[in-house]
Amino acid sequence: MANEFIIKNGFQSKGDSQVTGSLNLSGDMTVGQYITHAGDTDTQINFLDDEIRFEAGNLLLFDIHKKGSAPHEVTVNSGGNNVDFIIEDDAGNAYFIADASTTRIGIGTTTPEEALTVTGNISASGNISTLSHITASGNISSSITSTGSF
């Protein structure tokens, strides 16, 4: 299928073809390995066997990979670049960030100060465990039974 441009239901073209304006397909579309942005050859969607890679500016930003067995992977920043992963709310405000340059995660903040920084309240229905100390700058309330010293 190399260098073949096919649209089902009546149109077929072989070799290099160019469509000016909109292209509407009513059926399936099959591509070789790449869908490349016109005039920007380092921005593309790269289709591999059981894997789809999203690249922009020659950086591998997002990778979806169905491995031979579970667990399968969806990886952000698969290229190991300084690319942050940000989730925004419906108003466009960032509420989750994975900062690639500091290897920190922020929830409710875009500038995490520790490995995990949460700005706002935290709720847990199970146990909270630590292998080290817990530090607080305010009051700690509890309704638990505990042993040891405080």
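**Close-up views of a predicted model**

Figure 1. Arg53 is partly exposed, with a relative accessible area of 26%. The view shows the side chain of Arg53 together with that of Glu51, the two meeting in a salt bridge with an N to O distance of 3.1 Å. Glu51 counts as buried because its relative accessible area is 10%, and under 20% is the range for that class. Side chains of opposite charge can pair when their charged atoms come close.

Figure 2. Which residues does Glu51 contact once neighbours within four places in sequence are left aside? They are Asn46, Asp63, Ile64 and His65. The side chain of Glu51 also makes a polar contact with the side chain of Arg53, at 3.1 Å.

**Figure 3. The salt bridge between Glu73 and Lys67.** Two salt bridges are present in the structure. In this view, the side chains of Glu73 and Lys67 meet in a salt bridge of 2.8 Å, N to O. Are Glu73 and Lys67 buried or partly exposed? Glu73 is partly exposed, its relative accessible area being 33%. Lys67 is likewise partly exposed, with a value of 31%.

**Figure 4. A nonpolar surface patch that includes Ile35.** The patch on the surface is formed by Val19, Leu23, Leu25, Met29, Val31 and Ile35. Together these nonpolar residues have about 460 Å² of accessible area. Ile35 belongs to strand β3, which covers residues 34–37. With a relative accessibility of 34%, Ile35 counts as partly exposed; its value therefore passes the cut-off of over 30% relative accessible area that patch residues must meet.

**Figure 5. Pro112 in the loop between β10 and β11.** Pro112 lies in the loop that links strand β10 to strand β11 (116–118). Because its relative accessible area is 6%, Pro112 is classed as buried. Leaving aside neighbours within four places in sequence, Pro112 is in contact with Ile97, Arg104, Ile105, Gly106 and Thr117. How far apart are the C-alpha atoms of Pro112 and Thr102? The separation is 8.8 Å, for two residues that are ten apart along the chain.

Figure 6. Strand β1 (residues 4–7) has the lowest mean pLDDT among the elements of the chain, at 53. Strand β10 (residues 104–107) has the highest, at 97. For the chain, the mean pLDDT is 84, and 85% of the residues reach 70 or more.

**Figure 7. The chain as a setting for the close-up views.** The chain contains eleven strands and zero helices. Its pattern, read along the sequence, is β-β-β-β-β-β-β-β-β-β-β.

Technical notes: Residues numbered from 1 in each chain as written. Predicted model: local features only at pLDDT ≥ 70, side-chain atom pairs only at ≥ 80, totals over all residues. Heavy atoms only, no water. Patch = residues over 30% accessible without salt bridge, like charges linked within 9 Å, V, L, I, M, F, W, Y side chains within 5 Å. Areas by Shrake-Rupley, 256 points an atom, 1.4 Å probe, with all protein chains shown as cover. Salt bridge = Lys/Arg side-chain N within 4 Å of Asp/Glu carboxyl O. Helix = DSSP H or I, 4+ residues; strand = E, 2+ residues; numbered from the N terminus. Buried < 20%, exposed > 50% of the residue type's maximum accessible area, 1.4 Å probe, protein only. Polar contact = N/O pair within 3.5 Å; in protein donor to acceptor, adjacent residues only side chain to side chain. Contact = heavy atoms within 4.5 Å. pLDDT = per-residue confidence, 0-100.
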